[in-house]
Amino acid sequence: SQDRVTWRSADELPWLFQQQGSKQKLHDCLLNLFVSQNLYKRGHFAELLSYWQFVGKDKSAMAAEYFDSLKQYEKSCEGEENMICLADLYETLGRFLKDLGLLSQAVVPLQRSLEIRETALDPDHPRVAQSLHQLASVYVQWKKFGNAEQLYKQALEISENAYGVEHPHIARELEALATLYQKQNKYEQAEHFRKKSFKIRQKATRRKGNLYGFALLRRRALQLEELTLGKDTPDNARTLNELGVLYYLQNNLETADQFLKRSLEMRERVLGPDHPDCAQSLNNLAALCNEKKQYDKAEELYERALDIRRRALAPDHPSLAYTVKHLAILYKKMGKLDKAVPLYELAVEIRQKSFGPKHPSVATALVNLAVLYSQMKKHIEALPLYERALKIYEDSLGRMHPRVGETLKNLAVLSYEEGDFEKAAELYKRAMEIKEAETSLLGGKAPSRHSSSGDTFSLKTTHSPNVFLQGQR
């Protein structure tokens, strides 16, 4: 049932079956189409492949079983809502097979997804354009450029009718056509479409925010009159916080700052300065200061938020983990490595309490702490952390998993810095074997993975821009 497959169950259940060595249960779990869809859409491509390898199936067998499972599921589908869901499943399978390099097999589910959407929705619906775009991209990779051009042009026409000629979706279709013409050495046509795409993206960048944000702001505007009257309530404070977050997402930092400060002041008056909601406001203000490069101020606000959350929340609460993570990153960025160490250690503790000591998330936290020690030249402290992380990754994900390879590379750098060149070479060779095996499995194309395998010590770590502030606790 789609309703019962959450991101957590899709992450945990296959992993638990693998830990038990229950190949049949893992196989049945993977053939739950919603589990596989959840994993693939959230970037866990490598994990999904490693599970299929564990049950002993190659790419072709895996593709055939997914397709059979989908055909069986289709027999039970009735009604528009279920058919739209079915089209999404077919599209996910097609994209997955394309990423595996199985181009002829990928066409079939993508074509079926297109047919269902044209019937269940409307031939001019934006989701139909999405199907056309995905199918065209397979033909491009297959070097069937004539087929791809026709499909991209259909997608462009539908998108222009649905969104207007200056919407970012149009830029995507124009860019796809430009790339297609470039591959055929039709440089004049490629340049024409690329310029049109660039102009649209330029205009979109100037328009701060997005349509969803503006829609929410319009709804919230009705409440502003009451807010300006100074009515102090927890609900109004929450609304102010949400408005601050929305303005932040539109890069309107000064207005965001005003709303977030008003939210904090109201929460302190109504709820008291030690309430968890105050910590949320402090955390959001800290993220804003970080964005404005006001690092000292951000540090003070994160520290206040952490103090409240440590006293008010459970040791493994997600909000506590969030503040710990971002304050630790800030300390590291500011060069305050000694202050960062206890927070990275706390992150390990939180993950152990949440997931148990042998979970890959714990290994990731161990790697991050080890990288920090390595940067401090405390190699003796870093080594056992790397080794423990490596053992967890190997036991839970398999000896040829990409995360194992990344950890081996970190260990290789550590051995090199310690002067043990022979061991460094051996570790690096193992890491490269894993990388080559992964590339070979994917037909010469390594996937993009969104799941973190921790920091990499051999590369300079940069602090990514603040992700979203916290709209809800």
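Reader: Is glutamine 189 buried, partly exposed or exposed, and what is its relative accessible area?

Author: This is a predicted model, in which local features need pLDDT of at least 70 and side-chain atom pairs count only at pLDDT 80 or more, while totals for chains, interfaces and linings use all residues. Residues are numbered from 1 along each chain as its sequence is written, and side-chain values use heavy atoms, with hydrogens and water left out. Buried means under 20% relative accessible area, exposed means over 50% and partly exposed lies in between, with a 1.4 Å probe and protein chains only. Glutamine 189 therefore counts as partly exposed, and its relative accessible area is 36%.

Reader: In which helix is glutamine 189 found, and how far apart in space are glutamine 189 and leucine 177?

Author: Helices (H or I, at least four residues) and strands (E, at least two) are DSSP runs, numbered from the N terminus. Glutamine 189 is found in helix 11, residues 187-206. In sequence, glutamine 189 and leucine 177 are 12 residues apart, and from C-alpha to C-alpha the separation in space is 8.8 Å.

Reader: How many helices and strands does the protein chain have, and what share of its residues count as buried?

Author: The protein chain has 22 helices and zero strands. Of its 473 residues, the share that count as buried is 49%.

Reader: Which residues of helix 3 are buried, and which helices do they pack against?

Author: Helix 3 spans residues 33-41, and eight of its nine residues are buried, so helix 3 is largely enclosed by the rest of the structure. The buried residues are Leu33, Phe34, Val35, Ser36, Gln37, Asn38, Leu39 and Tyr40. Counting contact as heavy atoms within 4.5 Å, these buried residues pack against helix 1 (7-20), helix 2 (23-30), helix 4 (45-54), helix 5 and helix 6.

Reader: Why is the pair of tyrosine 66 and phenylalanine 96 classed as it is, and which aromatic cluster includes Tyr66 and Phe96?

Author: Rings of Phe, Tyr and Trp (its six-membered ring) pair if their centres lie within 6.5 Å, and planes under 30 degrees apart count as stacked, over 60 as edge-to-face and the rest as tilted. By this rule the count comes to eight aromatic pairs. In the pair of tyrosine 66 and phenylalanine 96 the ring centres are 6.2 Å apart and the planes stand at 80 degrees, so the pair is edge-to-face. The cluster is formed by Tyr40, Trp52, Tyr66 and Phe96.

Reader: Where do tyrosine 66 and phenylalanine 96 lie, and are they buried or exposed?

Author: Tyrosine 66 lies in helix 5 (residues 59-75) and phenylalanine 96 in helix 6 (residues 80-99), so the pair ties together parts that are 30 residues apart in sequence. With a relative accessible area of 4%, tyrosine 66 is buried. Phenylalanine 96, with a relative accessible area of 3%, is also buried.

Reader: Are helix 15 and helix 16 roughly parallel or antiparallel, and what is the handedness of their crossing?

Author: Axes are lines fitted to C-alpha atoms, for helices over the stretch in contact, and angles run from 0 to 180 degrees between N-to-C directions; angles under 35 degrees count as roughly parallel, over 145 as roughly antiparallel, 65 to 115 as roughly perpendicular and the rest as oblique. Helix 15 (residues 276-291) and helix 16 (residues 295-312) pack at about 160 degrees, with their axes 8 Å apart, and they are therefore roughly antiparallel. A crossing is left-handed if the near helix is turned anticlockwise from the far one by less than a right angle, and right-handed if clockwise. Here the crossing is left-handed.

Reader: At what angle do helix 13 and helix 15 pack, and which residues make the contact?

Author: Helix 13 (residues 234-249) and helix 15 pack at an angle of about 20 degrees, with their axes 11 Å apart. That makes helix 13 roughly parallel to helix 15. The contact is made by Asn241, Val245 and Tyr248 of helix 13 and by Gln280, Ser281, Asn284, Ala287, Leu288 and Glu291 of helix 15.

Reader: Is glutamate 394 buried or exposed, and which residues does it touch?

Author: Glutamate 394 lies in helix 20, residues 379-397. At 14% relative accessibility, glutamate 394 counts as buried. Not counting residues up to four places away in sequence, glutamate 394 touches Arg399, Val404 and Arg430.
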